[in-house]
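Welcome to this guided walk through a structure. Have a look at the picture first, and then follow the text from one part to the next.

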Amino acid sequence: MTSPRPPHPLWLLAEVTYRCPLHCSFCYNPVDFAAAGPELTTEEWLGVIRQARAMGAAQFGISGGEPMLRDDIELLVGEARQLGFYTNLITSGVGLTEPRLAALKVAGLDHIQLSFQDATREANDLITNTRTFELKQEVTRLTKEYDYPTVINCVLHAANIDHVDRIIEMAVELGAEYLELANTQYHGWGFLNRHTLMPSAEQLRRAEAVTDKWRERLGKTMKIFFVAPDYQESRPKKCMNGWGEVFLSVTPDGLALPCHTARMLPGFEFPDVRQHDLASIWYDSDLFNRFRGTAWLPEPCRSCNEKEKDHGGCRCQAFMLTGNAGATDPVCARSPQHGLIDNALELAAKVRSGQLSQPIVFRDSKTSRQLARAF
Amino acid sequence: MNAKVPADARPRLGRLFRFQWEPAQKAYVLLYPEGMVKLNLSAGEILQRCDGKRSVAEMVANLEQSFATTGLRGDIEAFLAMAEEKGWVNWNGGVESAS
């Protein structure tokens with residue numbers, strides 16, 4: 001049963017822009033981002049930040065796109081920090097110049113997460129479709145100088161997962177305290193490219209073994225998180241740690257969402273922060289209530305002894321694979337539609353072996369305009 | 001006496017962590033990248049005193065005085081050992097670890 005009043009949000013994620021200098025094929029942003037409305041203004045963002053804090057949110061994340069493409073990040077961070085938020089900047093590092101970093105430090109920015117794409121210039125530049133490898137190394141050195149712990153995130157996929165040893169070595173050379181090796185979430189552009197991005201079970205096993213060896217060697221000096229790809233697990237992940245329980249995301253154009261990819265779901269009127277206050281969106285909107293708790297679950301979830309653990313998995317994944325956002329996440333081996341996952345894995349194997357060729361679709365606005373579908 | 005916590009250690013918060021009163025939780029919390037720990041009363045009182053200046057012995061004396069009690073040393077040391085293990089606190093120029 002759901003509780004009479006849901007908990008307040010702990011997280012506010014401000015996706016301040018869909019603009020990005022990189023063109024990563026695994027990006028989870030919506031493929032039709034180019035059709036999104038105008039970005040929220042600074043004042044509108046400040047209003048969102050104040051309302052979320054008043055509701056009890058304590059973590060504030062800024063991401064995008066590339067957030068540093070906006071010139072008001074320092075202001076937003078300053079306001080959030082002053083209200084008591086713990087402030088996290090999630091960036092590719094492009095645009096994080098020394099003057100801006102200095103201003104962010106003064107504004108009270110608590111934490112920076114830098115994304116890396118690979119350990120070699122060639123692979124980084126290939127997957128991002130840019131020349132940004134040295135820049136990322138330079139930004140890492142700069143953030144250290146400003147006394148930020150080095151926290152690196154590297155998205156893994158079939159083309160870089162065999163370089164995990166070198167990626168970890170690079171993180172050690174850069175003096176990272178944390179390294180997150182997260183396999184691609186197959187959302188947005190990542191879903192389009194999933195058959196190209198999906199590693200084999202053997203690649204995955206090797207990467208995990210390499211990671212474990214490094215963990216032993218590094219002890220407490222660097223913590224490594226390894227996130228396995230969803231399709232290769234037999235149990236689904238609990239969507240956002242509970243739909244509408246912890247996490248509130250706001251898109252560049254002002255839609256409030258229970259997860260950063262939920263705007264792909266059909267049949268919803270997405271609440272606009274320019275028209276509604278955040279508390280009524282969180283507590284009263286259809287979007288935030290539809291999949292809250294476990295009372296809405298279909299079979300086989302409804303009678304499953306693990307339903308409180310996973311809430312039936314990811315709503316977007318259920319929709320992308322089955323066409324029904326209210327279905328059991330097919331990743332679950334108990335889903336009657338689990339065969340869809342097996343099919344996807346088989347297709348991916350054919351792409352890897354060269355039996356099937358699939359061109360990589362890079363994330364850019366021109367392609368985005370051409371893609372009419374919502375995912 | 002907890003072997004892991006020298007009496008002259010001067011615990012301070014790990015630099016990833018922020019300690020604050022959180023009105024919505026009605027509790028002291030530790031905030032860190034993408035997460036939060038809600039602290040019970042005694043944890044809050046101990047961490048509040050981890051300023052990198054006070055030694056463990058001084059913290060024990062101060063807490064015993066504040067709460068008009070004795071015999072807190074064991075509990076405080078056990079908490080600090082756990083907190084150090086989790087990376088919440090560190091001391092005496094020791095290597096700061098990831099939590």
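## A walk through the strands and helices

S2(A), helix H2 (residues 73–82) of chain A and S3(A) together form a β-α-β unit that is right-handed. Please keep in mind that this is a predicted model. The model as a whole has an ipTM of 0.85 and a pTM of 0.89.

Nine strands of chain A build an open sheet, in the order S7-S6-S5-S4-S3-S2-S1-S8-S9, with mixed pairing. Its edge strands are strand S7 (223–227) and strand S9 (256–257) of chain A, each of which pairs on one side only.

| Strand | Partner strand | Bridges |
|---|---|---|
| S1(A) | S2(A) | five, parallel |
| S1(A) | strand S8 (residues 247–250) of chain A | four, parallel |
| strand S2 (residues 59–63) of chain A | S3(A) | four, parallel |
| S3(A) | strand S4 (residues 111–116) of chain A | four, parallel |
| strand S5 (residues 151–156) of chain A | strand S6 (residues 178–183) of chain A | six, parallel |

How many of the six residues of strand S3 (residues 86–91) of chain A are buried? Six of the six are, so this strand is largely enclosed by the rest of the structure. In a regular strand, side chains alternate between the two faces of the sheet. In S3(A), A:Tyr86, A:Asn88 and A:Ile90 point one way, while A:Thr87, A:Leu89 and A:Thr91 point the other way, and all are buried.

Individual residues show how S3(A) is held between its partners in the pairing. A:Ile62 has A:Leu89 in S3(A) as its bridge partner. For A:Asn88, the bridge partner in S4(A) is A:His111. Between S3(A) and S4(A) the chain passes through helix H3 (residues 98–107) of chain A, and this β-α-β crossover is right-handed.

In S8(A), A:Ser249 stands opposite A:Leu13.

Which residues touch the most other members of the largest nonpolar core? Among the 116 residues of that core, they are A:Leu12 and A:Ala14. Leaving aside residues up to four places away in sequence, A:Ala14 touches A:Trp45, A:Val48, A:Gly61, A:Ile62, A:Leu76 and A:Val250. In soluble globular proteins, nonpolar side chains tend to be buried together.

Strands S5(A) and S6(A) pair in the parallel sense. One of the residues involved is A:Leu156, whose bridge partner in S6(A) is A:Asn183.

For a view from a helix, turn to A:Thr143, which is found in helix H5 (residues 133–145) of chain A. Is A:Thr143 buried or exposed? A:Thr143 counts as buried because 23 other C-beta atoms lie within 10 Å, and the cut-off for a buried residue is 20 or more. Not counting residues up to four places away in sequence, A:Thr143 touches A:Leu101, A:Ile112, A:Tyr148 and A:Thr150. A:Arg334 is 191 residues from A:Thr143 in sequence and 46 Å from A:Thr143 in space, C-alpha to C-alpha.

Chain B has three helices and five strands, and along the sequence they follow the pattern β-β-β-β-α-α-α-β. Of the 99 residues in chain B, 25% are buried. Among its contacts between residues at least 6 apart in sequence, 53% join residues at least 24 apart. The average pLDDT of chain B is 88, and 90% of the residues score at least 70.

Finally, the two chains meet: 18 residues of chain A are in contact with 13 residues of chain B. On the chain A side, the residues that touch chain B divide into seven nonpolar, seven polar and four charged.

Methods:
Residues are numbered from 1 along each chain as its sequence is written. Chains are lettered from A and ligands numbered from 1 in the order in which they are written. This is a predicted model: local features need pLDDT of at least 70, side-chain atom pairs count only at pLDDT 80 or more; totals for chains, interfaces and linings use all residues. Helices (H or I, at least four residues) and strands (E, at least two) are DSSP runs, numbered from the N terminus. A residue is buried if 20 or more other C-beta atoms lie within 10 Å of its own, exposed if 12 or fewer, and partly exposed in between; C-beta atoms are placed from the backbone. Two residues are in contact if their C-beta atoms, placed from the backbone, lie within 7 Å. Two strands pair if DSSP finds at least two bridges between them. A crossover is right-handed if, with the strands pointing away from the viewer, the path from the first strand over the helix to the second runs clockwise. pLDDT is the predictor's confidence in each residue, from 0 to 100. A nonpolar core is a set of buried Ala, Val, Leu, Ile, Met, Phe, Trp, Tyr and Cys residues joined through C-beta atoms within 7 Å. Ala, Val, Leu, Ile, Met, Phe, Trp, Tyr, Cys and Pro count as nonpolar, Asp, Glu, Lys and Arg as charged, and the others, Gly among them, as polar.
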